[in-house]
Amino acid sequence: FYLIANILGYIWFYIIRIRRRVATENVIMALGCFKSDAERIVRLCMVNLVTSFLEFISQKKVIINYENYKEFESIKKSGGIIITAHTANWDILEQAAYEQKIRLGVLTRRSGFSPLEDFLNSLRKRRNEIIFADDTHITDLIMFLKSGTVMVFP
């Protein structure tokens, strides 16, 4: 599994080259590092993104140990907002919410690649998630939250 993710990440970086130049320039600008270091960081990020995607599409059952379960139970009853870092596989949270029978709304940015967006949205809809685009009006989000639901901002 991870060997395939590494191979696909390297293919993305070396052969397909989508966003490689821009990503490398952004890393150099943000970190002030050499081009070779920036390229290594971007290549590893691409491998990580492929790994996260493969983990997401292969999810069967997720087992999560909650450290603050009492707070989680409170959120399940009254609703709330969960803000996640845009790293690793935040979609595991969505699978866990589905297994816990939590009505989940996900605020997501539209992708420039519609086949991928359609695929991800179909997975989310199977888990009965409500998908909100990034241009959704704030009053719609507030009404959703007032109904005792959970909103995720990945």
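I looked up R110 first: setting aside its neighbours within four places in sequence, R110 is in contact with E117, A133, D134 and D135 (contact means heavy atoms within 4.5 Å). This is a predicted model, where local features need pLDDT of at least 70, side-chain atom pairs count only at pLDDT 80 or more, and totals for chains, interfaces and linings use all residues. Residues are numbered from 1 along each chain as its sequence is written, and side-chain values use heavy atoms, leaving out hydrogens and water.

Next I checked where R110 sits: the loop between strand 2 and helix 6 (114-126). Helices (H or I, at least four residues) and strands (E, at least two) are DSSP runs, numbered from the N terminus.

I then followed A133. R110 and A133 are 23 residues apart in sequence, yet 6.5 Å apart in space, C-alpha to C-alpha. A133 in strand 3 also stands opposite T108. Strand 2 (residues 104-108) and strand 3 run parallel, joined by 4 bridges; strands pair if DSSP finds at least two bridges between them.

Zooming out, I found 4 strands in an open sheet, ordered 1-4-2-3, with parallel pairing. Strand 1 (80-83) and strand 3 (130-133) are the edges, each pairing on one side only.

Last, I looked at helix 7 (residues 138-146), which lies across strands 1, 2, 3 and 4 (150-153) and runs at about 135 degrees to strand 4. Axes are lines fitted to C-alpha atoms, for helices over the stretch in contact, and angles run from 0 to 180 degrees between N-to-C directions.
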